[in-house]
Amino acid sequence: MRCEDTTADVWLPIPADEIEDLPEPGGSGLNYRFWDGGPEFPADPARCAFYVVPYMKGSEIAVRPLSGMTSVRVVQTLSAGIDHVTPGIGSLPPGVALCNAKGVHEASTAELTLALILASLRGIPGFVRGQDAEEWRAGFYPALADKSVLIVGYGSIGAAIEDRLAPFECARVARVARSARTTGRGPVHALSDLPALLPEADVVVLSTPLTPATRHLADAGFLARMKDGALLANVARGPVVDTNALLKEVESGRITAALDVTDPEPLPAGHPLWHAPGVLISPHVGGSTSAFMPRAKRLIAAQVRRFAAGEDLVNVLLTTD
């Protein structure tokens, strides 16, 4: 009599032998399959119980196997946002946990946020162009010290950004999230308070997830409320900002912008954002640093161990109906 195979597959975008502390294959009831978004699946998607989404491969690749994953119980992203997998959620069976990568990207994204703010205020892009042209571009430039900063999206990344602002002698840091609450650093305002907070900020940082409520949050009205000379730093998602509205503001010279994300993305050649005055662009590299891989591996191993042991997962953002 043939015994029924009770093992299940875990799809990983990193080879299993490169991840320490994973449960032993086979004996744990799990088989590890490596898939980083290539054209061929590593096995039948119907046998996948735990799917770790390939990192920074786009929505089309992220959701491609989901419709065939009839036995999946966990979908684990390696990004803070889950907007790239939400188009495929409707094809999942009930009871699937969708988890994000809280704890993986805070250090890298906060680090880049400070780099973009400082580079924009202190005129670093102009210095680089001056070096290329062998020009000595001395002058008087804004400092971050004594500035008022508004963080829109005060989750773990927003908090990490404030941690790194602390030594810079900012006059004030205001915080905004979906709902009001109190933290050890001070109050967090609700989104409804933005109209009153925007005119007071010298630097506005966007670190909010992309949701229907935050798509084009920074629209023409939002940007018009920013004070003259203010800097908008977007490390969230490109569509959180209305690109056409932003272009009108920066082309007028009224505000400046530092963008790690854009809409569209990647930003195509010839797009007016590339050469808009006062705009600094980095190519969505907030999480793409040497800090990513060790943190991602630790998260994967810990989540798979919890799954194998029947324990509660962390970072569960939703469970399918």
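Helix α8 (residues 292-309) lies across β1 (8-12), β2, β3 (48-52), β4 (74-76) and β5, and runs at about 160° to β3. Contact here means heavy atoms within 4.5 Å. Helices (H or I, at least four residues) and strands (E, at least two) are DSSP runs, numbered from the N terminus. Axes are lines fitted to C-alpha atoms, for helices over the stretch in contact, and angles run from 0 to 180 degrees between N-to-C directions. The model is predicted, so that local features need pLDDT of at least 70 and side-chain atom pairs count only at pLDDT 80 or more, whereas totals for chains, interfaces and linings use all residues. Residues are numbered from 1 along each chain as its sequence is written, and side-chain values use heavy atoms, with hydrogens and water left out.

An open sheet is formed by six strands in the order β2-β1-β3-β4-β5-β14, with mixed pairing; two strands pair if DSSP finds at least two bridges between them. Strand β5 (residues 97-99) pairs with β14 in the antiparallel sense over three bridges, and Ala97 stands opposite Thr319 in β14.

A pair of aromatic rings is described by the distance of the centres and the angle of the planes. Rings of Phe, Tyr and Trp (its six-membered ring) pair if their centres lie within 6.5 Å; planes under 30 degrees apart count as stacked, over 60 as edge-to-face and the rest as tilted. Eight aromatic pairs are counted by this rule. One of them, Trp11 with Phe41, is tilted, at 5.4 Å centre to centre and 50° between the planes. Because Trp11 lies in strand β1 and Phe41 in the loop between β2 and β3, the pair ties together parts that are 30 residues apart in sequence. Trp11 is buried (under 20% relative accessible area; exposed is over 50%, partly exposed in between, with a 1.4 Å probe and protein chains only), at 1%. Phe41 is partly exposed, at 30%.

The pair of Tyr55 and Phe292 is stacked, because the ring centres are 4.3 Å apart and the planes stand at 15°. Phe292 counts as buried at 9% relative accessibility. One aromatic cluster is formed by Trp11, Trp35, Phe41 and Tyr51.
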